[in-house]
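Hi everyone, thanks for making time for this one.

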Amino acid sequence: MDLFGVTYTSEASRPLSAEDLDRLLVSARSRNSLVGVTGVLLYGEGRFVQYFEGMRGGVDDVYARIKRSDLHRNVMELEHQHISQRLFNRWFMGFRETPASALQKLSQEAWARELPWVEGQSIPSPGMAHLLALVA
C-alpha cells in the first residue's frame with residue numbers, strides 16, 4: 001500500500017468556541033471517512049497541530065481542503081512522507097485539547113527521521129514520538 005502521513009501546525013484565524021470545534025470535527029470525520037483518511041487534531045489557545053494519514057489521493061484531498069480553510073492561517077508543514085503503517089487506524093479524526101505551550105514545543109521538535117535513508121523503518125521521528133505521547 002502507498003500510505004502517506006502529513007503533520008502541520010497553524011494558528012486559528014479567530015477564537016474558536018466549543019461549537020466551532022464540534023462543527024469542524026463532525027465535518028472532518030465525515031469527509032475523512034469517505035476518503036479513508038485517519039489521524040488526530042490537537043488544539044489549544046488558538047494553535048493547531050494535526051497529523052493525518054492514508055492513501056495518496058485521500059491525503060491530497062484532505063490537505064487541499066485544510067489549506068483552503070479560513071479557520072486557520074500560517075499553515076506550516078512539519079512532515080509529509082511515505083509511512084509503512086497507519087498510527088491511527090480507528091480515528092477518522094481524533095481530537096485532544098492540548099495546552100498551547102505543549103503545541104509550541106511539539107511544533108519545534110525535529111520532524112526528520114534520524115535515519116532518513118532507512119526505508120520502512122518503524123522508528124518515528126522525535127516529533128512524531130512526542131505527538132504520540134501527547135495523545136496517549
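Let's start with Arg29, which is partly exposed, with a relative accessible area of 35%. For that word, buried means under 20% relative accessible area, exposed means over 50%, and partly exposed is in between, using a 1.4 Å probe and protein chains only.

Before I go on, a word on what you are looking at: this is a predicted model, where local features need pLDDT of at least 70, side-chain atom pairs count only at pLDDT 80 or more, and totals for chains, interfaces and linings use all residues. Residues are numbered from 1 along each chain as its sequence is written, and side-chain values use heavy atoms, with hydrogens and water left out.

Back to Arg29, then. Arg29 lies in helix 1; helices (H or I, at least four residues) and strands (E, at least two) are DSSP runs, numbered from the N terminus. What does Arg29 touch, not counting residues up to four places away in sequence? The list is Phe92, Met93, Gly94 and Phe95, where contact means heavy atoms within 4.5 Å. Arg29 and Glu77 are 21 Å apart, C-alpha to C-alpha, and 48 residues apart in sequence.

Met93 turns up again with Gln50. You'll find Gln50 in strand 3, and Gln50 is buried, with a relative accessible area of 7%. Leaving out residues up to four places away in sequence, Gln50 touches Val6, Thr7, Tyr8, Val40, Leu41, Ile66 and Met93. Gln50 and Met93 sit 43 residues apart along the chain, and their C-alpha atoms are separated by 9.3 Å.

Now for strand 3 itself. Is strand 3 largely enclosed or left open by the rest of the structure? Eight of its nine residues are buried, so strand 3 is largely enclosed.

Five strands form an open sheet in the order 4-1-3-2-5, and the pairing is mixed. Strand 4 (72-83) and strand 5 (94-97) stand at the edges, each with a single partner strand, so one side of each is left without a neighbour in the sheet. From one strand to the next, the twist averages 15 degrees. Axes here are lines fitted to C-alpha atoms, for helices over the stretch in contact, and angles run from 0 to 180 degrees between N-to-C directions.

Two strands pair if DSSP finds at least two bridges between them. Strand 1 and strand 3 run antiparallel and are joined by nine bridges. If you want landmarks in strand 3, Thr9 stands opposite Val49, and Leu3 stands opposite Met55. Strand 2 and strand 3 are antiparallel as well, over seven bridges, with Gly39 opposite Phe52 in strand 3.

Strand 2 and strand 3 also form a hairpin, with two residues between them. Glu45 is in that turn, with a positive phi of about 50 degrees. Glu45 counts as exposed, at 69% relative accessibility. Most residues other than glycine have a negative phi, and most peptide bonds are trans. Asn74, in strand 4, has a positive phi of about 55 degrees although it is not a glycine.

On to the helices. Helix 3 lies across strand 1, strand 2, strand 3 and strand 4, at about 55 degrees to strand 3. Helix 4 lies across strand 1, strand 2, strand 3, strand 4 and strand 5, at about 75 degrees to strand 2. The axes of helix 3 (residues 100-107) and helix 4 (residues 126-135) come within 9 Å and cross at roughly 155 degrees. The two helices are therefore roughly antiparallel; angles under 35 degrees count as roughly parallel, over 145 as roughly antiparallel, 65 to 115 as roughly perpendicular and the rest as oblique. Ala102, Lys105 and Leu106 of helix 3 meet Gly127, His130, Leu131 and Leu134 of helix 4.

Last, the cores. A nonpolar core is a set of buried Ala, Val, Leu, Ile, Met, Phe, Trp, Tyr and Cys residues joined through side-chain atoms within 4.5 Å. The largest one has 20 residues, and Leu16, Tyr43 and Phe52 have the most contacts inside it. Apart from that core lies another, of 14 residues, among them Leu3, Leu42, Leu103 and Val135.

That's my tour, and I'm happy to take questions.
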